[in-house]
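Please load the model in your viewer and keep the sequence panel open beside it.

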Amino acid sequence: MSPLTWAALAGAIALEVAGTTMLQMSQQFTKPWPTVGMAACYLVAFYLLSIALKQIPVGLAYAIWSGLGVVAIATIGVVLFKQRLDLPAIAGLGLIVSGVLVINLFSKSVSH
């Protein structure tokens, strides 16, 4: 699999996380610049995801994209927005990371 494919997926994840962060900052679309930034990030994120889908099966790409995005945005919520996670939430996030690792390390569906 091409390194550009993985770079496209990583970029899609980063931009989805940035877009979700700006969604929170837009305060229900009442702040124009975070709203515009959110839309731009989501648009480019989906474009990059479509590039990754040329070589990564959609189910696996989406699992990696959404799983890592959930963990990243939860971390940003704690750090940037002072949100709290309880033990079950932390355990669930750990299971998501474990799932992404299992897919990437052991699945034959994703060739490295």
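Helices (H or I, at least four residues) and strands (E, at least two) are taken here as DSSP runs, numbered from the N terminus. On that basis the protein has four helices and zero strands, and its pattern along the sequence reads α-α-α-α.

This is a predicted model, in which local features need pLDDT of at least 70 and side-chain atom pairs count only at pLDDT 80 or more, whereas totals for chains, interfaces and linings use all residues. Residues are numbered from 1 along each chain as its sequence is written, and side-chain values use heavy atoms, with hydrogens and water left out.

**Whole chain**

Begin with the C-alpha trace. Along the principal axes, the C-alpha atoms fill a box of roughly 45 × 35 × 20 Å. Next, colour the residues by relative accessible area: buried means under 20%, exposed over 50%, and partly exposed in between (1.4 Å probe, protein chains only). Of the 112 residues in the protein, 31% are buried.

Contacts, meaning heavy atoms within 4.5 Å, may be displayed as well. Among those with a separation of 6 or more, 69% join residues 24 or more positions apart.

**Helix H1**

Select residues 3-25, which form helix H1. This helix has 23 residues and reaches 33 Å from its first C-alpha to its last, close to the 33 Å expected at 1.5 Å a residue; the expected span is 1.5 Å times one less than the number of residues. The buried residues of H1 include Thr 5, Ala 8, Gly 11, Glu 16 and Gly 19. H2 and H3 are among the elements that cover the buried residues of H1.

Thr 21 counts as buried because its relative accessibility is 9%. Beyond its neighbours within four places in sequence, Thr 21 is in contact with Ile 73, Ile 76, Leu 80 and Phe 81.

**The nonpolar core**

Which residues have the most contacts inside the largest nonpolar core? Select Leu 9, Ile 13, Leu 49, Ile 56, Ile 64 and Trp 65 to see them; the core has 15 residues. H1, helix H2 (32-52), H3 and H4 each supply at least two residues of this core, and H1 gives the largest share, five residues. A nonpolar core is a set of buried Ala, Val, Leu, Ile, Met, Phe, Trp, Tyr and Cys residues joined through side-chain atoms within 4.5 Å. In soluble globular proteins, nonpolar side chains tend to be buried together.

Leaving aside neighbours within four places in sequence, Ile 13 is in contact with Ile 64, Trp 65, Leu 68 and Gly 69.

**The loop between H1 and H2**

Move to Ser 26, in the loop between H1 and H2. Ser 26 is buried because its relative accessible area is 0%. Not counting residues up to four places away in sequence, Ser 26 touches Lys 31, Pro 34 and Thr 35.

Then select Gln 28, placed in the loop between H1 and H2. Gln 28 has a positive phi of about 60 degrees although it is not a glycine, and at 69% relative accessibility Gln 28 counts as exposed. Phe 29 lies in the loop between H1 and H2, and its phi is positive, near 65 degrees. With a relative accessible area of 52%, Phe 29 is exposed. Most residues other than glycine have a negative phi.

**The surface and its nonpolar patch**

Accessible areas come from the Shrake-Rupley method with a 1.4 Å probe; for residues, only the protein chains shown count as cover. The protein exposes about 6900 Å², and carbon and sulfur atoms supply 74% of that area.

Select Met 25, Val 78, Val 79, Leu 80, Leu 85, Leu 87 and Ile 90, which make a nonpolar surface patch of about 630 Å². Helix H3 (58-80) and helix H4 (87-106) are the elements that give two or more residues to the patch, and H3 has the largest share, three residues. Such a patch is made of residues with over 30% relative accessible area and no salt bridge; nonpolar side chains (Val, Leu, Ile, Met, Phe, Trp, Tyr) are joined within 5 Å, and like charges within 9 Å. A salt bridge is a side-chain nitrogen of Lys or Arg within 4 Å of a carboxyl oxygen of Asp or Glu.

Met 25 is found in helix H1 and, at 39% relative accessibility, counts as partly exposed.

**The loop between H3 and H4**

Finish at Gln 83, in the loop between H3 and H4. Gln 83 is partly exposed, with a relative accessible area of 40%. Not counting residues up to four places away in sequence, Gln 83 touches Gln 24, Gly 77 and Val 78. Gln 83 and Gln 24 are 59 residues apart along the chain, and their C-alpha atoms are separated by 12 Å.
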